[in-house]
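Good morning, everyone, and please have a look at the model on the screen while I talk.

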Amino acid sequence: MKPETWLTVAGLGTWIVSSLVTLAEIANGQMAWGQAGPWLAAFAAFGAAFSLTCWVPWKTRAAPVILLAVQAVAALAMVGLAGDTLCAALLVVVASQTPSHFRTAAAAAWTGTQTALLAMVLSRFYGPVPTIAVTAAFGGFQLFALATALLAGRERAARQELARTNAELHATRALVIESSRASERLRISRDLHDTLGHHLTALSLQLDVASRLADGRAAEHILQAHAIARLLLADVRDVVSQLRDSSVVDVGDAIRRLVPAAETLNVHLDVPQSLGALENERAEAIVRCIQEVMTNAVRHGHARNLWITIADGPEGLGVHARDDGQGAGVLRWGNGLRGMRERFEALAGRVDVETRAGGGFEVHGVMPRSQAS
């Protein structure tokens, strides 16, 4: 079970357990309906708001913040209506969620505010000393939950960054290995063409001259040697051509090495086998493009799904990526997006980006195939 699931179960458990005393009083008729009705409404509101926060992938920031406020108000209302300090434990659940929606300072301010409101509510039932003692105790619990959530968030972010970096290193390693192999094959093909091919051509010319000067049985053997030399020269040219044609990179394999880095992202990859092999520059441009798209989807878009398609269209090689993240109202071309665009433009291609608040992020890239491919 994922840590997030455990935290959700723990939160729901706290919601139920902290309310058992008051629920028992209501069931036994010890609380008037005029008081029990609003308490039950607050009880249900907290459970619904907490569940929606945990299980619904909201695409806007406002909705989770509103639900967080509903939880805090409901918890304070439960304490105020029943005078049951156990219900204050629900504020600890709220405090543990604040780092997911606010920066550290804002999360601390939120926790401090709801602790002060708790003190105001408790002062209606207790004297100054008990109020301060109970408020301080639950304030400490909230700070502990806040600190734990902050540490967990930083650890999760560090783990994701490490996984992303590791995947990028694997992809880069694949590109370097394939590039080295391609360079070596190209060097061998040139050496074969410039040395063996040159000498075979010279040998063929000499045998052609010798066949014109010789006669009898010697001429027959010279003609046979000439034919063998021509066949050998043709074979060398075929090998050279094959070596040059194989100087490509398996872009599909390099992209698949990136997918495990996105732990929180479901990547739906569509890379046809026919597009697996590309020359170095185009392969690197596509792989770096996919890297940037995945990074943006996780780090900025908070997306759950990412769909990537690479296809061969009328305009050339096409890269289409779309996520279901929160998007952005205003598109800002950061270093990553600019680098992606510059790589494609250097290969006579282009990159178009579409986004809107709550509508995800979409990238369209296209580049012409090289004449050799």
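A residue counts as buried under 20% relative accessible area, as exposed over 50%, and as partly exposed in between, with a 1.4 Å probe and protein chains only. What we are looking at is a predicted model, where local features need pLDDT of at least 70 and side-chain atom pairs count only at pLDDT 80 or more, while totals for chains, interfaces and linings use all residues. Residues are numbered from 1 along each chain as its sequence is written, and side-chain values use heavy atoms, with hydrogens and water left out.

Is Val-251 buried or exposed? With a relative accessible area of 1%, Val-251 is buried, and its place is in helix α9, residues 251–256; helices here are DSSP runs of H or I with at least four residues, strands are runs of E with at least two, and both are numbered from the N terminus.

Val-251 is also among the residues that Ile-286 touches, including Ile-255, Leu-278 and Met-367, not counting residues up to four places away in sequence, where contact means heavy atoms within 4.5 Å.

Turning to the sheet, we find five strands in an open arrangement with mixed pairing, in the order β2-β4-β5-β7-β6, and two strands are said to pair if DSSP finds at least two bridges between them. The edge strands, β2 (266–270) and β6, each pair on one side only. Between β5 and β7, which run antiparallel, there are six bridges, and His-320 has His-364 in β7 as its bridge partner.
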